[in-house]
Amino acid sequence: MIVKHLPVMLTEVVSLLGIKPGKKYIDSTVGGGGHTEAILKKGGEVLGIDQDPTSLAEARKRLLARFGEVAETRQACPDVFRLVRGNFANLQKIASEEDYCPVNGILFDLGFASFQMDNPERGLSLSKDGPLDMRLDPDLGVTAADILNVLPEGQLYKLIKEVGEADNAWSLTRAIVARRRLEPFTHTRDLASLIERLTGYRGKIHPATKVFMALRIVVNSEFENLQMALPQALDLVKSGGRIVVVSFHSGEDRIVKDTFREWENFGKVKILTNKPVVPSTLEILNNPRSRSAKLRAVVKI
């Protein structure tokens with residue numbers, strides 16, 4: 001069963017973006033369109049960006065069902081929303097090409113839509129077997145299987161230890177290297193079952209979760225893209241504009257926290273969240289995938 005995608009911390013995101021009718025906003029990771037829909041309901045206009053064509057198709061379907069008449073006639077609110085395929089690492093280029101700058105707010109939701117996680121063909125799921133792919137942009141050249149099968153042992157250990165933050169990184173690395181000498185990894189079940197046997201642990205959180213996460217982050221250059229995108233976002237927002245980031249990994253949150261503090265020290269922004277905002281207990285119960293989310297926001301001076 002495909003789980004309906006729920007946008008994380010929707011109320012908090014909308015509040016911190018400070019939506020004003022007729023003003024321009026960028027949803028740099030449009031996903032299933034939930035956050036964009038909320039911005040539009042408040043009267044904002046949105047440029048939605050996503051590298052995944054499936055996400056854009058889902059978002060377009062959702063938004064046209066709700067705002068199609070307005071978007072088609074262009075009478076009530078010109079350019080009420082538009083969707084563009086691209087990576088937010090190229091945020092300024094995309095906004096310039098769309099003649100969509102400056103803007104009043106930019107959102108980065110660094111999580112994944114349920115329809116991405118639940119599709120076994122994407123290779124993101126631990127519970128469903130599929131190709132060990134993990135690319136969000138299908139045009140990327142390197143898959144998770146490529147990395148797992150060819151990365152030198154030392155680099156593989158570093159990936160699992162530093163990016164995946166796994167305590168048992170050496171034992172995981174040695175087991176993976178021994179297995180790939182006999183037969184290359186091709187499917188998610190190959191990796192998940194190996195780690196299950198190694199750890200002997202089956203609980204609420206699968207023991208292969210951190211390895212899968214590390215591979216996905218590297219395949220999609222997630223840390224590097226975020227580091228490239230944040231300065232571009234600061235340039236694109238007007239004075240008084242907001243930047244809101246929802247992260248799901250301590251490495252992502254550290255990049256955001258350090259960047260925001262640096263900007264504040266140079267008098268460029270005011271931090272609106274002294275501590276990261278986290279989902280309520282009720283939200284986590286309704287959407288367990290939100291449990292690791294952290295939200296940070298700034299306003300440009």
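For sorting residues by class, Ala, Val, Leu, Ile, Met, Phe, Trp, Tyr, Cys and Pro count as nonpolar, Asp, Glu, Lys and Arg as charged, and the others, Gly among them, as polar. The model looked at here is predicted, so local features need pLDDT of at least 70 and side-chain atom pairs count only at pLDDT 80 or more, while totals for chains, interfaces and linings use all residues. Residues are numbered from 1 along each chain as its sequence is written, and side-chain values use heavy atoms, with hydrogens and water left out.

A pocket here is an open set of points on a 1 Å grid over the protein atoms alone, where a 1.4 Å probe fits, with protein on both sides within 12 Å along at least five of seven lines; lining residues have an atom within 4 Å of a point. Points are joined across faces, edges and corners, and a volume is the space filled by probe spheres set on them.

The largest pocket comes out at about 1600 Å³. It is lined by 49 residues, and Met 117, Leu 126, Thr 209, Arg 289 and Arg 291 are the closest to its centre. By class, that lining splits into 19 nonpolar, 16 polar and 14 charged residues. As for helices (DSSP runs of H or I, at least four residues, numbered from the N terminus), α10 (209-219) gives the most to this lining, with 6 residues.

Next comes the second largest pocket, with about 220 Å³ of space. Its lining includes Ile 147, Leu 151 and Phe 223, and holds 7 nonpolar, 1 polar and 3 charged residues. Helix α7 (153-163) supplies the largest share, 5 residues.

Technical notes. Helices (H or I, at least four residues) and strands (E, at least two) are DSSP runs, numbered from the N terminus.
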